[in-house]
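Hello,

Here is the structure I promised to pass on to you. Please open it beside this email and follow along as you read.

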Protein chains: 2
Amino acid sequence: MSTLPSLPLAAEPCCAPLVHEPIADDAALQLAARLKALAEPTRLRLLSLIAAAPDGEMCVCDLTEPVQLSQPTVSHHLKVLVDAGILTRDKRGVNVHYALVPGALDSLATVLATPARG
Amino acid sequence: MSTLPSLPLAAEPCCAPLVHEPIADDAALQLAARLKALAEPTRLRLLSLIAAAPDGEMCVCDLTEPVQLSQPTVSHHLKVLVDAGILTRDKRGVNVHYALVPGALDSLATVLATPARG
């Protein structure tokens, strides 16, 4: 899977609301890639654990126990979310910390939300 | 793929915001299934065409040309979205019409949106 840019999605062409006008081919490809990264139960649980953490970030060392999976498996899932521009990865000494990319989930929410029809 | 209930998602346990507290296992499974149905470029284009249509619905007969795919392929993609509770299907004579399930995309948007942290 190629790495998507980690910029907030709000600045990108995928982010016109899906229901406002027909989505362009390239925007559909980009949006599908991000949704696919999210569309996995373990990744949703990891993302939710990180986002709900008191300081908004978690070490991979603290994520293996809640999802009952090995560190390589957890690290693989986290890499998918980093590559999709949804999580940031920060190595500090022997530990790797993950946090939400500010705005990434909100931008996806904006794409999916249906504005009131006039 | 089993059929998910077509009720508005707002009434279902998947819909607490993902970032508020760690998502439960069953909610993660259900949310992942819906996101997976969306995570395909052609399905996003079909959904967007239907949602952006003047009366909010489209006949499968009018969807093949915009996506340049055969009717069986288009019908397959539409079935995935119906099974995920995202589209409704209404057969009228020889034609089949599809429309958004009211609230379905908004509920997904609500799950993904990040409320301001206190």
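Before the details, one term: two strands pair if DSSP finds at least two bridges between them. Please also keep in mind that this is a predicted model.

Let me begin with chain B. In strand 3 of chain B, B:Y98 is the bridge partner of B:M58. That pair belongs to a set of three bridges, which join strand 1 (residues 57-59) of chain B to strand 3 (residues 95-100) of chain B, and these two strands run antiparallel. Strand 3 of chain B is also joined to strand 2 (residues 87-92) of chain B, here by six bridges and again antiparallel.

Where does a positive phi turn up in the hairpin of strand 2 and strand 3 of chain B? Two residues lie between the strands of this hairpin, and B:G93 takes a positive phi near 65 degrees.

Put together, the three strands of chain B make an open sheet with the order 1-3-2 and antiparallel pairing. Strand 1 and strand 2 of chain B are the edge strands, as each pairs on one side only. From one strand to the next, the twist averages 25 degrees. Helix 2 of chain B packs on this sheet and touches strand 1, strand 2 and strand 3 of chain B, with a direction at about 85 degrees to that of strand 3 of chain B. Helix 4 (residues 71-83) of chain B lies across strand 2 and strand 3 of chain B, and runs at about 120 degrees to strand 2 of chain B.

Now for chain A. Its three strands form an open sheet in the order 1-3-2, with antiparallel pairing. Here the edge strands are strand 1 (57-59) and strand 2 (87-92) of chain A. The twist in this sheet averages 25 degrees from one strand to the next. Helix 2 (residues 41-52) of chain A packs on the sheet, where it touches strand 1, strand 2 and strand 3 of chain A. Helix 4 (residues 71-83) of chain A packs on the sheet as well, touching strand 2 and strand 3 of chain A. Six bridges join strand 2 of chain A to strand 3 (residues 95-100) of chain A, and A:R92 has A:N95 as its bridge partner in strand 3 of chain A.

Finally, how do the two chains meet? Chain B gives 37 residues to the contact and chain A gives 37 residues. About 2,900 Å² is buried between chain B and chain A, and carbon and sulfur atoms give 69% of that area.

How many salt bridges cross the interface of chain B and chain A? The rule finds two. A salt bridge to look for joins the side chains of A:D25 and B:R45, at 2.9 Å from N to O. Between chain B and chain A, eight residue pairs are in polar contact. On the side of chain B that touches chain A, the elements that give two or more residues are helix 1 (25-38), helix 2 (41-52) and helix 5 (104-112) of chain B. By class, that side has 25 nonpolar, four polar and eight charged residues.

Happy exploring!

Note on methods
Residues are numbered from 1 along each chain as its sequence is written. Chains are lettered from A and ligands numbered from 1 in the order in which they are written. This is a predicted model: local features need pLDDT of at least 70, side-chain atom pairs count only at pLDDT 80 or more; totals for chains, interfaces and linings use all residues. Side-chain values use heavy atoms; hydrogens and water are left out. Helices (H or I, at least four residues) and strands (E, at least two) are DSSP runs, numbered from the N terminus. Axes are lines fitted to C-alpha atoms, for helices over the stretch in contact, and angles run from 0 to 180 degrees between N-to-C directions. Contact means heavy atoms within 4.5 Å. Buried area is the accessible area (1.4 Å probe) that two parts lose on being put together, summed over both. A salt bridge is a side-chain nitrogen of Lys or Arg within 4 Å of a carboxyl oxygen of Asp or Glu. A polar contact is a pair of N or O atoms within 3.5 Å; within protein, one must be able to donate a hydrogen and the other to accept it, and residues adjacent in sequence count only if both atoms are side-chain atoms. Ala, Val, Leu, Ile, Met, Phe, Trp, Tyr, Cys and Pro count as nonpolar, Asp, Glu, Lys and Arg as charged, and the others, Gly among them, as polar.
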